[in-house]
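Hi,

Here is the structure I promised to pass on to you. Have a look at it first, and then read on for what turned up.

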Amino acid sequence: RELWLSQHDEFPRARKGMERKPLRLERTKGSEILFGIGPCSLALSQARRELFRLFLKHSGSRRPVMGEFVLQATARGVPVLHVQRRELDELCRGQVHQGVCLEATPLPFKRLEDAEAPGLGGEARGNGQVIWLALEQIQDPMNLGALLRSAYFLGVDRVVTSLRNSCPLTPTVSKASAGAMEVFDVYSTDDLQSFLKAKTAEGWEVVGTVSKPEDVEDVPVTSCLEFRWDKPLIVVIGSEGEGLSLETQLLCHRMLAIPPGRALHPGIDSLNVSVATGILLHSICSQKRRHGD
């Protein structure tokens, strides 16, 4: 009995006492923790942030990607710390880090005035094949990241977001964007409606999006499959719960809708905002590619 007790009680206690406590890492003031292979690799290569430390999971195996991280960090003069998984878990608060975290300064929105600079987003202005994405009060970081990923992949020239009630550019947004946030500028404005009015006065077309065409008044609704464009275009996306505000709707020349593939049950009669935006942008940007060929 004494032997059984020693094997099942005393020994585990001794082992627990010997376990190393998680390393407490003092964060650099004003820094945040990026996590995931894509965001950390692109943040290291793009030099858009000030970088402090790279944290890699300590492992007996030699994964090539980790060797590449060491080379990247060394080239940038960024210290590399090899830590246990639980330290990485603590750094990024349990998010999926894939064995890598990066301490860096936050990435701010760019000023909208900078988006108007010559040669930025207006290369195709002569043939009208310019498309900007405007976001009104997108609050979910996963949605914002997915929106940025789709916009970057499909060829959107600029993304502009409203400042009020909108998600900032957080590490979660960067992870959800697969790192697209690290290479794709995002601009902000505290007056989205004045921005849309100004672009309309310059000859741009402004189109909104709607999940239920019957809810729209005073603005024509067109299927995204039938929409054609031949002038600089702004696609405006509304918030997850409410969609576009009425004031913004009334500034749109038309609203775009995605036709469903079947009769829908109430409650599942709409799409997630990032999925819907991906479908709309593909429909629109595919025209841009054909015209550019």
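Predicted model: local features only at pLDDT ≥ 70, side-chain atom pairs only at ≥ 80, totals over all residues.

Leu256 is in contact with Val207, Gly208, Thr209, Val210, Thr222, Phe227, Leu280 and Ile284, leaving aside its neighbours within four places in sequence. Leu256 sits in strand β12, which covers residues 254–257. Is Leu256 buried or exposed? Its relative accessibility is 0%, and because the cut-off for buried is under 20%, Leu256 counts as buried. If you want a distance to check in your viewer, the C-alpha atoms of Leu256 and Leu225 are separated by 9.1 Å, with the two residues 31 apart along the chain.

Strand β12 belongs to an open sheet of eight strands, in the order β5-β8-β7-β6-β11-β9-β12-β10, with parallel pairing. At the edges are β5 (110–111) and β10 (221–223), each of which pairs on one side only. Elsewhere in the sheet, β6 (residues 131–135) pairs with β7 (residues 158–162) in the parallel sense, over four bridges. Ala134 has Val160 of β7 as its bridge partner. Helix α6 (residues 141–154) packs on the sheet and touches β6, β7 and β8 (186–189). The direction of α6 makes about 175 degrees with that of β6.

Next, the cavities. The structure holds one cavity of 30 Å³ or more, and the largest cavity has a volume of about 30 Å³. Which residues line the largest cavity? They are Arg48, Leu107, Pro108, Lys110, Leu169, Met181, Phe184, Asp185 and Val186. By class, that lining has six nonpolar and three charged residues, and no polar ones.

Two backbone angles may also interest you. Most residues other than glycine have a negative phi. Arg93, however, has a positive phi, near 55 degrees. Arg93 lies in the loop between α4 (85–91) and β4 (100–104), and it is exposed, with a relative accessible area of 75%. Ala178 also has a positive phi, near 60 degrees. Ala178 is found in the loop between α7 (171–176) and β8, and at 33% relative accessibility it counts as partly exposed.

Happy to talk any of this through.

Best wishes

Terms used. Residues numbered from 1 in each chain as written. Heavy atoms only, no water. Pairing = 2+ DSSP bridges. Helix = DSSP H or I, 4+ residues; strand = E, 2+ residues; numbered from the N terminus. Contact = heavy atoms within 4.5 Å. Axes fitted to C-alpha atoms, helices over the stretch in contact; angles between N-to-C directions. 1 Å grid on protein atoms, 1.4 Å probe; cavity = no way out; pocket = protein on both sides within 12 Å on 5 of 7 lines; lining within 4 Å. Points joined across faces, edges and corners; volume = space filled by probe spheres on them. Nonpolar A, V, L, I, M, F, W, Y, C, P; charged D, E, K, R; others polar. Buried < 20%, exposed > 50% of the residue type's maximum accessible area, 1.4 Å probe, protein only.
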